[in-house]
Amino acid sequence: MLSRRIIPCLDVRDGRVVKGVRFRDHVDMGDIVQLAERYRDEGADELVFYDITASPQDRVVDRDWVERVARAIDIPFCVAGGIRSVQDARAILYAGADKVSINTPALLRPALVTELADAFGVQCVVVGVDSLRDEDGEWRVRQFTGDPSRTQALASRTLEWIEQAQALGAGEIVLNCMGSDGVRTGYDLEQLRAARAVCHVPLIASGGAGAIEHFDTVFREADVDGALAASVFHSGTVPIPALKQALSAAGVAVRR
Amino acid sequence: MDVALIDSGGTNIGSVRYALERLGASAHLTSDPEAIRRADRVILPGVGAAAPGMARLRELGLVDVVRSLRQPLLGVCLGMQLLFESSEEGDVECLGVLPGRVRRIPNAPGIRVPHMGWNALQPRGDDPLLAGIDAGEQAYFVHSYAAPVTSDTLVTSTHGIEFAAVVRRGNRHGAQFHPERSASVGARLLENFLSGVAA
């Protein structure tokens, strides 16, 4: 049976791991490779590195740290941030990343998803979706979320974009529910359930984890394939071994 | 030991090489038929699709080279699928050193494709390639197509359907999962391939 994945997310800025609240006010969390090794040792199933400044600053991820991480760890990892072309993705994948995640560039040019899937296979292509509920009750996609001064709301409805991204060749969807990001009150179950209903590739929940029971709830109630979190892992509030023990005891399939 | 890593254009080549380095082995990346024939061990990595993978091997003039290798060969992920007769992915003829056709994993309720993540291994018997790997241990899979369970299957895994996770026929070995990204289980399989299987 396929295990549900526990995925620490490391936001990277200028070669260091940082963490903000609601995508703002970033504080330094430490060295990339040291944190990657810590999570590998604790039993993380996969890591995601978001270079949060790459897209707003119009530059691609620095491949040096990707290679250092690839040499150090023996679990899979995904890299996101400013990947705009097959050439950009190839550099990251050849440096040792297992997947690339694209967000803003996929919104600006949806054909990029197909180009990446054709070049590397859909299993390498993750589409990250930053989503926020508007006053009219609709979830809509945001872009340039790495930089609050440039973050823009789009006309695209989140669920429609998730369907379109799969049709274009996305092999996995990470849904960042911005309304609950960093506030530790639990994943956005309503939105994730709605996304699950239209998502036939792996779906990863992101935004809102604050306690062990939030993971249990999101796996049971939204049937997501993986749960991503940052601050609760960085701070040690949710230790991964204890989390996996609790999930396993509750009957959720996890890798021990 | 001389380990040749075939430069098949797959994106996991770097990761496989780093995994071998973590085990103290050095692998050289090559597409030179002579260097491949001379090596003590040959690894065919691969991430991507079957048709471009085969096209690349043909372009490099490596199809017959790989087919005729006498030393231990290990195909990883797509590299394993290419060992079979054909693949439904792009409806392409493959190397044909193992009987069977690789087919798409069917979608089913609760079964998402690609099959992505850690899944349990079910060994079907003893083999030097599996030394120290126990039933139920998990490995990291990422694939949409899968090889059938045949008499060459050493390990199965299940994602809606049961499929071949590790295969062996004589000196030809294959792992559908990614040993380079499967923590201690993957390291064990690679170590067994380097030192446990007969040359």
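Predicted model: local features only at pLDDT ≥ 70, side-chain atom pairs only at ≥ 80, totals over all residues.

I count Asn192(B) as buried because its relative accessibility is 8%, and the cut-off for buried is under 20%. I found Asn192(B) in helix 6 of chain B, which covers residues 183-196. Then I listed its contacts, skipping residues up to four places away in sequence: Asn192(B) touches Pro128(B), Leu129(B), Leu130(B), Ala131(B) and Val197(B).

Next, Asp74(A). I placed Asp74(A) in the loop of chain A between helix 2 (63-72) and strand 5 (77-80). Is Asp74(A) buried or exposed? Buried, with a relative accessible area of 18%. I then looked up what Asp74(A) contacts beyond its neighbours within four places in sequence. In chain A that gave me Arg40(A). From chain B I noted Arg22(B), Glu180(B), Arg181(B), Ser182(B), Ala183(B) and Ser184(B).

Last, the cysteines. How many disulfides are there over all chains? My search of the whole structure came back with zero. For Cys9(A), the nearest cysteine sulfur belongs to Cys78(A), 9.2 Å away; a disulfide would need the sulfur atoms within 2.5 Å. I have Cys9(A) down as buried, at 5% relative accessibility. Cys77(B) is in no disulfide either, and its nearest cysteine sulfur is that of Cys124(A), 9.0 Å away. I marked Cys77(B) as buried too, since its relative accessibility is 6%.

Definitions and conventions. Residues numbered from 1 in each chain as written. Chains lettered and ligands numbered in written order. Heavy atoms only, no water. Helix = DSSP H or I, 4+ residues; strand = E, 2+ residues; numbered from the N terminus. Buried < 20%, exposed > 50% of the residue type's maximum accessible area, 1.4 Å probe, protein only. Contact = heavy atoms within 4.5 Å.
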